[in-house]
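Student: I have a new structure open and would like to go through it slowly. Could you help me read it?

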Amino acid sequence: MVETMKLEIFRYRPEKESVPTFQTYKVPFREDWVVLDAINHIKDEIDGTLSYRWSCQMGVCGSCGMMINNVPKLSCAAFLKDYYPDKIRIEPLTGFPVERDLIFEMDDFMTKLTEIQPYIIRKEGEEKPLDEGEYLQSPAELAHFKQYSMCINCMLCYAACPVYAIDSTFIGPAAIALGQRYNMDSRDQGRDSRQELIASHEGIWECTFVGECSAVCPKDVDPAAAIQRAKVSSTVDWFKDVLIPWGKKK
Amino acid sequence: MAKSNEPIWWSLFSAGGMVAAMMFPILIIITGILVPFGLVGDDPLNFERIRDAVSQPLVKLILFTIISLPLFHWAHRFRFTLVDVGLKSVSTLISILCYGGAIVGTIVSAVVFWTI
Amino acid sequence: MNTYHRPVPNTWWLKRKPYILFMIRELTSVFVAGYCIFLLVLVYKLTQGADAYGNFMAALKSPSSVALHLITLAFVLYHTITWFNLTPKILVLYRGEERVPQGLVAGTFYAGWVVVSVIVAWLVLGV
């Protein structure tokens, strides 16, 4: 007798329904299965119409994020045994429009990622010629931003963020953390051009420091801390601007 | 993108939060438990002693800060709490009421300290 | 394409424990403001003379005042604890490659809190 457990999965098929429904599937329970294994089993053996994203199955690609019992998780890292024998409820990551079943639209995040300019920017005329070699960096300088560079763009932090769910103009955790990753990089000189977006209302100031973005992050990036630190440095900028306006070089 | 004035509110929020975190628990213990239950000797908060203390400019300034900054702490937090529970559509009005309340409280306390 | 936008109910914060704790943390500010007003009234009574002040201080002995103080104390303590626990997120310090432990940063604030509390008690109570 094979032990089984139930998965209650969010279904949305735009060609046949305008409002999503939930469909319950019975899957074998295995000690070594993660939620993604169970969903793959459904896709292969029970219902081929179920749509979802996945790739690496090892917590690196960042594409299998889902709401598992209301908590954003990588489905390849959530073990069935942690829920057994209860039913597991699976939904697409919250905060994003749903395209089909567990697939959500990530265009908004992609746009924001581009806008934050997540790459090294050098000031005009300060780019080293290639034959002079790379920009050197000490281990201590690396340590300052390394944590923020671990992001795999899985968007769990957006799904955990009520501020983003309420108002999607908010730039959001991962994009700001990535902006900070380059701002804190000793080789980078692009802070001023990122700052226009980061220090805007839609940037850091909508954040109320719920802190759940950091709690759900599978890579310990701690975007909440990145945002609060950006608030501090932007506030310092603001007071410098107000108190010593002549000090601002354009 | 418009330059944000949030830094001024956020700094007041942070300063007020720090003042409240550091000082309010002990003050509440004093006015709510120690003094009413007479656990600290012979009426340490008697009129003459407190009035004389509060008459000193430095004490006035400190007390004024202890009252005013946490009001801004409340204003900023409460503003976002209301927005978070679905009042986003009237967020400007909420900001005016919250920060306005803190500003009124600050002015009133400035007047009160002035008249002592 | 017909994407489906899931509505966010105004009660979203009741859905999970971390969100409830967040909301409690935010609502501590109401009690902070309440105590500000209490302090303001206390100073105002000072300006009204010995009788007004004396009556106000006598009213502190009433059960309702004590109860309100205790409730306020609970919320303000929650504010203090959550506030200090978040300080290492903002104050990120490095000694070379090593990050100063978060517990040490928060611990410094807790230690400062004890010192400030002792000084405040000493100044206010004059003992």
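Student: Let's start with a strand pair: what is the bridge partner of Thr4(A) in β2(A)?

Tutor: The partner of Thr4(A) in β2(A) is Pro28(A). Before we go on, this is a predicted model, in which local features need pLDDT of at least 70 and side-chain atom pairs count only at pLDDT 80 or more, while totals for chains, interfaces and linings use all residues. Residues are numbered from 1 along each chain as its sequence is written, chains are lettered from A and ligands numbered from 1 in the order in which they are written, and side-chain values use heavy atoms, with hydrogens and water left out.

Student: OK, and how many bridges join β1(A) to β2(A)?

Tutor: Eight bridges join β1(A) to β2(A), which covers residues 21-28, and the two run antiparallel. Two strands pair if DSSP finds at least two bridges between them, and the elements themselves are DSSP runs numbered from the N terminus, with helices being H or I of at least four residues and strands being E of at least two.

Student: Which sense does β1(A) have with β5(A), parallel or antiparallel?

Tutor: Strand β1(A), residues 4-11, pairs with β5(A), residues 88-91, in the parallel sense over three bridges. Within that pair Glu8(A) stands opposite Arg89(A), and Ile9(A) has Ile90(A) as its bridge partner.

Student: What does β3(A) do with β5(A)?

Tutor: Strand β3(A), residues 65-68, pairs with β5(A) in the antiparallel sense over two bridges, and there Met67(A) has Glu91(A) as its bridge partner.

Student: Why is β1(A) called largely enclosed?

Tutor: Six of the eight residues of β1(A) are buried, so the strand is largely enclosed by the rest of the structure. Buried means under 20% relative accessible area, exposed means over 50%, and partly exposed lies in between (1.4 Å probe, protein chains only).

Student: Zooming out, how many helices and strands are there in chain A?

Tutor: Chain A has ten helices and seven strands, and its C-alpha trace spans about 75 × 40 × 30 Å along its principal axes. Of its 250 residues, 51% count as buried. Among contacts in chain A with a separation of 6 or more, 64% come from residues 24 or more positions apart, where contact means heavy atoms within 4.5 Å.

Student: I clicked on Arg194(A). Is that residue buried or exposed?

Tutor: Arg194(A) is buried, with a relative accessible area of 1%, and the residue is found in helix α7(A), residues 191-198.

Student: Which residues is Arg194(A) in contact with, leaving aside its neighbours within four places in sequence?

Tutor: With those neighbours set aside, the contacts of Arg194(A) include Ile116(A), Tyr119(A), Tyr182(A) and Asp188(A). Its side chain also reaches the backbone oxygen of Tyr119(A) at 2.8 Å.

Student: Changing topic, how many residues of chain C are in contact with chain B?

Tutor: There are 50 residues of chain C in contact with 50 residues of chain B. Leu40(C), Trp83(C) and Leu125(C) supply 15% of the area that chain C buries against chain B, more than any other three residues. Between them the two chains bury about 4,500 Å², 79% of it on carbon and sulfur atoms, where buried area is the accessible area (1.4 Å probe) that two parts lose on being put together, summed over both.

Student: Which side chains meet in a salt bridge there?

Tutor: The rule finds one salt bridge across that interface, and the side chains that meet are those of Glu26(C) and Arg77(B), at 3.3 Å from N to O. A salt bridge here is a side-chain nitrogen of Lys or Arg within 4 Å of a carboxyl oxygen of Asp or Glu.

Student: And how many residues do chain B and chain A give to their contact?

Tutor: That contact takes 13 residues from chain B and 20 residues from chain A, and the area buried is about 1,500 Å², of which carbon and sulfur atoms give 68%.

Student: How many salt bridges are found across the interface of chain B and chain A?

Tutor: The rule finds two salt bridges there, and in one of the interactions the side chains of Lys88(B) and Asp167(A) meet at 3.0 Å, N to O.

Terms used: A polar contact is a pair of N or O atoms within 3.5 Å; within protein, one must be able to donate a hydrogen and the other to accept it, and residues adjacent in sequence count only if both atoms are side-chain atoms.
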